[in-house]
Amino acid sequence: MTSTFRLTRAEFKKIFKRASIYIMALLLVIAIFVSMYMFSPIERVDNTISYGENLTVENYYNNFFSSDLPGSKNDIDKSFEKTNQILKYYQLCNERDTNLKKNYDDFVSAYEELKSTTEPTLKEQKYTLFKTSLNAFYTTLTSFDQIKTYPHIAYIFDTNPDISSKLIKKYFANTKTLLTRTETENSTQIVETVETNNFVQTIKDDLNSGLDYVAPTALIMAQDIKDSYDSFNSAILGGTGSSNLNKIEIARRSMLVSVQNLKDYLDIILDYGYPVVLINKETKTQIYSHMDDVIEKITTGFDGIPKSITNYINLNNNLIEVDLPNYYTKAFAIKENLLTQVRLSYSNLEEFDKVKIKVETNKAELINIIKKYRSDETIRNIQNKITDYSLLAYAYNDYLLDSTKLAISKQFRSVDFVQLYNYNLNEFNNYSTSERIVANKYYIQNNVYSRSFNTNFSFNQNSGKSTNAFDFMYFAMEICTVLIIIFAMMLVCSLITQETESGTIKLLLTRPYKRSKIVTAKLFATIFFVLCFMLFSAIICFAGGYFVFGLDMSNVLMIFNASSAVSISPLLLMLINLLSLTLDVIFYVIIALMISILFKNYAGSISFCFVILLITFTLNILFSGMFWYSLLPGMNLHLFKYFGNSFVSLAEGSVIQNILITPIQSTMNVLYSFLITLAYSAIALTIAYSVFNKRDF
């Protein structure tokens, strides 16, 4: 170890004699001044609730409690109610699903016991149990009283009240038939009836339709389209009399209403804002395109009067051409194209319920504080708490929505998930979503919201209310780091290949030092200067930012690895960022060390290093976010993004941002990226030491 340090000191002395060291320091200062010129972040969005200018505390109090203005209690409570309703909807659906499955299992169990019992008295008891379990199943199957009072599903029963009866008659008919036969048949006959008609399986079909009743509902609406078309076609065949023309027109309008009803229904359940059903986006596009085409055909040319039979016949031919009689029933009958209802696990719902209870507690606490501030002379205090009340509603809504989407994503492979309408992976990222969930949960648990924290450092937006030294430092250090990487690669290449070309390496090898120690000394010397330049750049950036923009020491909510949240000083967070950047530079130094040993001339080694750097930056722009690229080191560098900075890599930004900051792929985490980078570094060092030890100079 002593000899290694001795060699390292010797390398220090050689490097200090190079004019390039001082030129590099000057370039870093120039880069910092240029960065200051380029730096133009947008202001952070101010979400403070305001009811107008020159208002008193009493005005704020009255507007919050007694008005319907945006940001008033009535307005914000609508958001709370909407979130509560969708949570209740998920809970009721889960409860109904559980009861249906239990009732069906009870029915099957009761039937098996009835079938295997021969003693008459006991058989009658089993038969009574069988009828009770079957009736309980049918009651649960056909009961939508609670569910229909909540979003989405209300449309089915309120706007189209006959849908409920059609659903029961068509898709739950097997259970009703068997239940009716129990009123006239004895226990022996009913066993024969069940066996002969395979009622156990057919009632299971009823169960499946009951669990996923949105799909049968769409099929019923599709059947309405077919029925109205059949009436239209039949009326055309009835002749050309005026009374028949009137029937044709009524059928045409009925057909138009049926198609529009289906479209309205799909609009509500697909685009309400919360996940209720899932559908393949290509299928959705095809169905909507077909509906628009049909609506256009049904309406075009029928606004004026009189209407001729020729026009109706032409319309009929056009509808046959687009396969209207069969299109929708076929489309929704194919299993993979069915609308699939979203289901959440009990663990999800239990967690949501705990959050809901905490939200209600927070609401009451904030209301009490707002009432207390009525007698305060400072408007800002009551305004801040009203804003917190609004932010609580946003946090609660976003927490539930993100958690639901995350739960859905875990049910699919990425290749399937990307095909779902409204859940495109290009727009949805598991890691970023988890990060938001952790942040919103922290807000709710601590009853303190985003207004109280600065945001994480960003290329494009201030972390606080105005630009501060840390914002500039984050921006400038990213640019300085690129220059330091370039210099460090040139330095390590010169320490190896230039000495190889000049022959001075042979003199060093004649001394009693192991070759591995010579390589280590050159690596340590380069890393030392990397640390010096990083520290030098950081000090200049901070000083420049402090004198130009000032300092804001408000805490930042740091989200580590999308799993835990902690309030942290921006100074400590910046130190973490500097450490992350330093690790990036060291990685490139190791790569350059390997390349310089593999190449025998300086020009070749430095050229290849620049090619590697250029390729990495290019790939960052072209393939960031793709799984295969996450297996390469480029996407795993800059571990700072795992400290709550992932939103920077997902937001639209400048070219510099896209080059330097790579997004986090859904399957990545801090340990994954660290191990990937460590593995490539270990491989590069192994190659470097192995080749250097065996090379004949």
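This is a predicted model: local features need pLDDT of at least 70, side-chain atom pairs count only at pLDDT 80 or more; totals for chains, interfaces and linings use all residues.
Residues are numbered from 1 along each chain as its sequence is written, and side-chain values use heavy atoms, with hydrogens and water left out. Local features require pLDDT of at least 70 and side-chain atom pairs count only at pLDDT 80 or more, whereas totals for chains, interfaces and linings use all residues.

A search of the whole structure finds 20 salt bridges, each defined as a side-chain nitrogen of Lys or Arg within 4 Å of a carboxyl oxygen of Asp or Glu. One of them joins Asp77 to Lys73, with the closest N and O atoms 2.7 Å apart; the two residues are 4 apart in helix H4 (residues 73-116) and thus separated by about one helical turn, helices being DSSP runs (H or I, at least four residues) numbered from the N terminus. An α-helix has 3.6 residues a turn, so residues three or four places apart point the same way.

The side chains of Lys126 and Glu113 also meet in a salt bridge, at 2.8 Å from N to O. Because Lys126 lies in helix H5 (residues 120-141) and Glu113 in helix H4, this pair ties together parts that are 13 residues apart in sequence. In helix H17 (residues 379-409), Lys385 and Asp388 are 3 residues apart, and their salt bridge has its closest N and O atoms 3.5 Å apart. Both Lys385 and Asp388 are buried, that is, under 20% relative accessible area with a 1.4 Å probe and protein chains only, exposed being over 50% and partly exposed in between. Glu113, by contrast, is partly exposed at 30% relative accessibility.
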